[in-house]
Amino acid sequence: MRTGWASAVCALLAGCSAGCGAGNTFVMLNGAGATFSYPLYAKWFDEFHKIHPNFQINYQSIGSGGGIRQLLAGTVDFGASDSPMTYEQLEQAKLKTLHFPTVLGAVVPTYNVAGVTQELNFTGEALAGIFAGKIKKWNDPQLVKANAGVKLPGSDIVVIHRSDASGTSFVWTDYLSKVSEEWKKTTGASTSVNWPAGLGAKGNEGVAGLVKQTPDSIGYVELVYAIQNQMAYGPVRNASGKFVKADLSSVAAAAAGLPMPEDFRVSITNAAGENAYPVSSFTWLLIPSRIADAGKHQAIVQFLQWMLVDGQKLAPALSYAPLPAEVVGKETAAVSQIH
């Protein structure tokens with residue numbers, strides 16, 4: 001379990017070592033938000049600090065909802081979210097808030113079913129039924145049909161979801177709303193929903209931990225958490241009718257050829273394309289358009305420029321898909337909107 005506060009370095013470098021020339025003052029940036037992208041952000045902030053020892057970035061992995069709240073309250077320099085800010089949230093901001101996609105990731109159904117070692121397939125309809133509390137047994141006909149040859153037990157399904165305001169939950173419920181009209185009408189898509197069934201856990205870390213220790217459970221986590229915890233996760237049937245497992249290529253396929261709006265606020269769940277993983281998403285840094293502190297302005301601009309080039313090269317090793325080239329080009333131009 002992670003502690004929540006993730007510092008890019010363990011301590012300040014005494015005397016400001018190589019790379020911190022005359023006239024450079026030490027600058028600390030504070031950010032908060034998504035757990036979805038935390039493993040990569042921790043790596044990025046550490047690597048960026050090695051290049052710019054006078055810039056330190058501290059990041060609190062508290063969930064997208066918490067990050068947006070702290071950004072609106074002005075207690076952090078930037079936020080991070082797996083769901084774009086709503087129009088209402090944008091209107092509440094004291095300054096115009098810019099969205100910068102950082103990478104692409106996937107939310108996967110992860111499960112712990114006693115006696116089942118085979119990989120399980122899931123349809124969107126079955127997932128909506130499970131999380132609505134209407135599909136209650138692992139040997140439900142919908143699950144049996146999608147998993148021919150697998151002996152599924154008659155045990156009760158234990159549903160596990162996020163308890164905090166979560167961009168991962170937004171991606172998950174956004175997908176369920178697209179594949180299930182009933183889910184859309186009764187529960188909908190949001191960072192926080194009134195869950196019809198199940199147990200809550202905080203953060204991707206919390207959901208992963210609870211699924212791992214709870215027999216016959218199912219939850220949803222960002223792909224890297226399933227991989228790091230060596231958890232089973234299954235293919236999901238996409239809009240083309242094909243069961244696709246989340247990996248770098250299938251997540252990238254979900255964004256292929258997608259028109260990107262000028263404000264970068266877009267959903268790619270249930271994307272068209274035979275090889276697209278259907279529960280994929282961009283994740284965003286949320287940056288105020290005006291930063292009065294000159295040092296913080298320089299640090300944020302230089303970090304974004306580094307992230308869009310060198311930072312993208314670090315993403316695949318942590319199971320995140322790099323941004324499409326056309327998105328990188330648009331974002332590079334958009335950095336000039338930060339004053």
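N275 is partly exposed, with a relative accessible area of 44%; here buried means under 20% relative accessible area, exposed over 50% and partly exposed in between, using a 1.4 Å probe and protein chains only. This is a predicted model, in which local features need pLDDT of at least 70, side-chain atom pairs count only at pLDDT 80 or more, and totals for chains, interfaces and linings use all residues. Residues are numbered from 1 along each chain as its sequence is written, and side-chain values use heavy atoms, with hydrogens and water left out.

You will find N275 in the loop between helix 10 (248-255) and strand 12 (280-288). Helices (H or I, at least four residues) and strands (E, at least two) are DSSP runs, numbered from the N terminus. Setting aside neighbours within four places in sequence, N275 touches N238, K242, V244, S250 and A253, where contact means heavy atoms within 4.5 Å. K330 is 55 residues from N275 in sequence, and the two C-alpha atoms are 25 Å apart in space.

## Helix 1 and its crossing with helix 11

Helix 1 covers residues 38-51. Its 14 residues reach 20 Å from first C-alpha to last, close to the 20 Å expected at 1.5 Å a residue; the expected span is 1.5 Å times one less than the number of residues. The buried residues of helix 1 are Y38, P39, L40, Y41, W44, F45, E47, F48 and H49. H49, a member of this helix, counts as buried because its relative accessibility is 5%. Between H49 and T102 there are 18 Å in space, C-alpha to C-alpha, for a sequence separation of 53 residues.

Now for the partner helix. Two packed helices are described by the angle between their axes and the distance between the axes. The axes of helix 1 and helix 11 (residues 294-314) come within 10 Å and cross at roughly 115 degrees. That makes helix 1 roughly perpendicular to helix 11. Axes are lines fitted to C-alpha atoms, for helices over the stretch in contact, and angles run from 0 to 180 degrees between N-to-C directions. Angles under 35 degrees count as roughly parallel, over 145 as roughly antiparallel, 65 to 115 as roughly perpendicular and the rest as oblique.

The crossing of helix 1 with helix 11 is right-handed; a crossing is right-handed if the near helix is turned clockwise from the far one by less than a right angle, and left-handed if anticlockwise. On the helix 1 side, L40, K43, W44, F45, E47, F48 and I51 take part, meeting A299, Q302, F303, W306, M307, G311, Q312 and L314 of helix 11. This contact comprises 10 nonpolar, 3 polar and 2 charged residues. Ala, Val, Leu, Ile, Met, Phe, Trp, Tyr, Cys and Pro count as nonpolar, Asp, Glu, Lys and Arg as charged, and the others, Gly among them, as polar.

## Helix 4 against helix 6

Helix 4 (residues 124-131) is mostly covered, with 7 of its 8 residues buried: G124, A126, L127, A128, G129, I130 and F131. Helix 4 packs with helix 6 (residues 167-179) at an angle of about 115 degrees, and their axes are 9 Å apart. This crossing is left-handed.

From helix 4, the residues G124, E125, L127, A128 and F131 meet W172, Y175, L176 and V179 in helix 6. By class, the contact of helix 4 with helix 6 holds 7 nonpolar residues, 1 polar and 1 charged. Just after helix 4, G133 has a positive phi of about 80 degrees.

## Helix 2 in its surroundings

Helix 2 (residues 64-73) has 7 of its 10 residues buried, so it is largely enclosed by the rest of the structure. Those buried residues are S64, G65, G66, G67, I68, L71 and L72. They pack against strand 2 (27-33), strand 4 (78-81), helix 3 (87-92), strand 5 (97-112), helix 6 and strand 12. G74 follows helix 2 with a positive phi near 80 degrees.

## Positive phi outside glycine, and an exposed lysine

D216 has a positive phi near 65 degrees although it is not a glycine. This residue sits in the loop between helix 8 (203-213) and strand 8 (217-222), and D216 is buried at 13% relative accessibility. S319, also a residue other than glycine, has a positive phi near 70 degrees. S319 belongs to the loop between helix 11 and helix 12 (325-334) and is buried, with a relative accessible area of 17%.

K145, in helix 5 (residues 141-146), is exposed, with a relative accessible area of 75%. K145 and F122 are 23 residues apart in sequence, with 9.8 Å between their C-alpha atoms.
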